[in-house]
Amino acid sequence: MPDFNPSLILYTADALNGRGESILSRFPEAETLEVKQHNRLPELGMNHFKIKSDVLVLGRLKTQDIKWSGRSADYIAPSLANGCFGGCAYCYVDRHKNVNPITLFTNVEENIASVDRHVMSLPWPKAINQTDPEFYTYDVGCNSDISIDYSLTDGIRQVFEFYRAHPRAKATFATKFVNPAMLKFDPQRKVRIRFTLMPAHVSKLVDVRTDNIEKRIAAINDFYDAGYEVHVNFSPVIVYGGKQWRSDYRELFRQLDAALRPEVREQLKCEVIFLTHNQWQHQANLAINPKAEELLWVPELQESKVSQYGGWNIRYNHQLKRKMIDVCEQLVLEEIPWCEIRYIF
């Protein structure tokens, strides 16, 4: 876990409710500056990584849309935060903003009320699906890393408490950090944490400024003991070195198999997502992390796709990808047959 201590806090006037003031009080040495919009920041004269290290933004999330997912969760909850301390070379959140410091939304009660209205409007009992056999699941961390945010605002714990108590809803989020403070909260299996995993040497190159893979794997038993439901997220699967990626994933699966206790294996499932990259991000990475691009931007293996937001993305050629999926499924079957794949694409 990083020691995040911002030197500059930008805030919108409507973010300074009791929670916003409390966050400000945690960083008394930080310079503060009011801005008109949390997503339109002034020129700060800092590079990509320094902004993530030194700047915190407080805002109020006005749009409380809840979107259908069907993959990581049934639905995507309104964001609790945006941006991250990490600088992962493939992060889709960074693609949409020129600068992307951690932004905390202080109107947590509106978020909770939106989810409560939504879930109570849905048919009950819920039909069993791959997201969960009993509860409607809401991804609470699509645009940030909740493990980081948990230590910055008590709003995240309040959200966890809401899902823990709710008769129909469960929270879920993916993370690349291990936050020991979260082990003090018992979610009673109503919060699913998904640790993102990939071969360690690749993670060191592309998962910039995140906790290492060994630490993430070692934390799985601990979080299960604390009361979390724990899954893993093999994402993004990056293809490299001919068949080398296969050998590296086989080793990763063996590490996971050796680390987990039987009762943890029994409840653990995974999701598998092959890499999608982006032209704008490719150009940015050539300046800030060019070595990563040697793995991420491989046109001879990839084809272009226009995203729903109009961006030019590239992903593995669809015929090749089908073979890659088959290989990955076989590796899981051979090395961690106890691990159900919830979805793979």
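# Aromatic pairs, helix packing and backbone geometry

Ring pairs join Tyr 150, Phe 160, Phe 173, Phe 185, Phe 195, Phe 223 and Tyr 228 into a cluster. Rings of Phe, Tyr and Trp (its six-membered ring) are paired when their centres lie within 6.5 Å; planes under 30 degrees apart are stacked, over 60 edge-to-face, and the rest tilted. The model is predicted, and local features need pLDDT of at least 70, side-chain atom pairs count only at pLDDT 80 or more, and totals for chains, interfaces and linings use all residues. Residues are numbered from 1 along each chain as its sequence is written, and side-chain values use heavy atoms, with hydrogens and water left out.

## Aromatic pairs and charges over rings

The search of the whole structure finds 18 aromatic pairs. One of them joins Tyr 138 and Tyr 163, whose ring centres are 6.3 Å apart and whose planes stand at 40°, so the pair is tilted. Because Tyr 138 belongs to strand 8 (residues 136-139) and Tyr 163 to helix 5 (residues 155-165), this pair ties together parts that are 25 residues apart in sequence. Helices (H or I, at least four residues) and strands (E, at least two) are DSSP runs, numbered from the N terminus. Both Tyr 138 and Tyr 163 are buried; buried means under 20% relative accessible area, exposed over 50%, and partly exposed in between (1.4 Å probe, protein chains only).

Tyr 150 and Phe 160 also form a tilted aromatic pair, with 5.7 Å from centre to centre and 35° between the planes. This pair links distant parts of the chain, 10 residues apart: Tyr 150 is in the loop between helix 4 (146-149) and helix 5, and Phe 160 is in helix 5. Tyr 150 and Phe 160 are each buried.

Arginine side chains also lie over aromatic rings. Arg 71 is placed over the face of Phe 345, at 3.9 Å from the ring centre. The charged end of Arg 209 sits over the ring of Phe 85, 4.1 Å from its centre. A charge sits over a ring if NZ of Lys or CZ of Arg is within 6 Å of the ring centre and within 35 degrees of the ring normal.

## Helix packing

Axes are lines fitted to C-alpha atoms, for helices over the stretch in contact, and angles run from 0 to 180 degrees between N-to-C directions.

| Helix pair | Axes come within | Crossing angle |
|---|---|---|
| Helix 3 and helix 5 | 10 Å | roughly 20° |
| Helix 7 (residues 213-226) and helix 8 | 9 Å | roughly 35° |
| Helix 8 (residues 244-259) and helix 12 (residues 318-335) | 10 Å | roughly 30° |

The angle between helix 3 and helix 5, roughly 20°, makes helix 3 roughly parallel to helix 5. Angles under 35 degrees count as roughly parallel, over 145 as roughly antiparallel, 65 to 115 as roughly perpendicular and the rest as oblique. Helix 3 and helix 5 make a right-handed crossing; a crossing is left-handed if the near helix is turned anticlockwise from the far one by less than a right angle, and right-handed if clockwise. In helix 3, Val 108, Glu 109, Ile 112, Val 115 and Asp 116 meet Gly 155, Gln 158, Val 159, Phe 162 and Tyr 163 in helix 5.

Val 108 lies in helix 3 (residues 108-120) and is buried, with a relative accessible area of 3%. Apart from its neighbours within four places in sequence, Val 108 is in contact (heavy atoms within 4.5 Å) with Arg 19, Gly 155, Gln 158 and Val 159.

Helix 8 and helix 12 are likewise roughly parallel to each other, and their crossing is right-handed. Their contact involves residues of helix 8 including Trp 245, Tyr 249 and Phe 253, and residues of helix 12 including Met 324, Val 327 and Leu 331. Helix 7 and helix 8 cross in a right-handed sense. There, Ile 213, Ile 217, Ile 220 and Asn 221 of helix 7 meet Leu 252, Gln 255, Leu 256 and Ala 259 of helix 8.

## Backbone geometry

Most residues other than glycine have a negative phi, and most peptide bonds are trans. The peptide bond from Trp 124 to Pro 125 is cis, with omega near 0°, and Pro 125 is in the loop between helix 3 and strand 8. A cis peptide bond also runs from Ser 235 to Pro 236, with omega near -15°; Pro 236 belongs to strand 11 (residues 229-237).

Gln 188, although not a glycine, has a positive phi of about 55° and is found in the loop between strand 9 (169-175) and strand 10 (191-197). Arg 209, also not a glycine, has a positive phi of about 65°. Arg 209 is located in the loop between helix 6 (200-206) and helix 7 and is partly exposed, with a relative accessible area of 25%.
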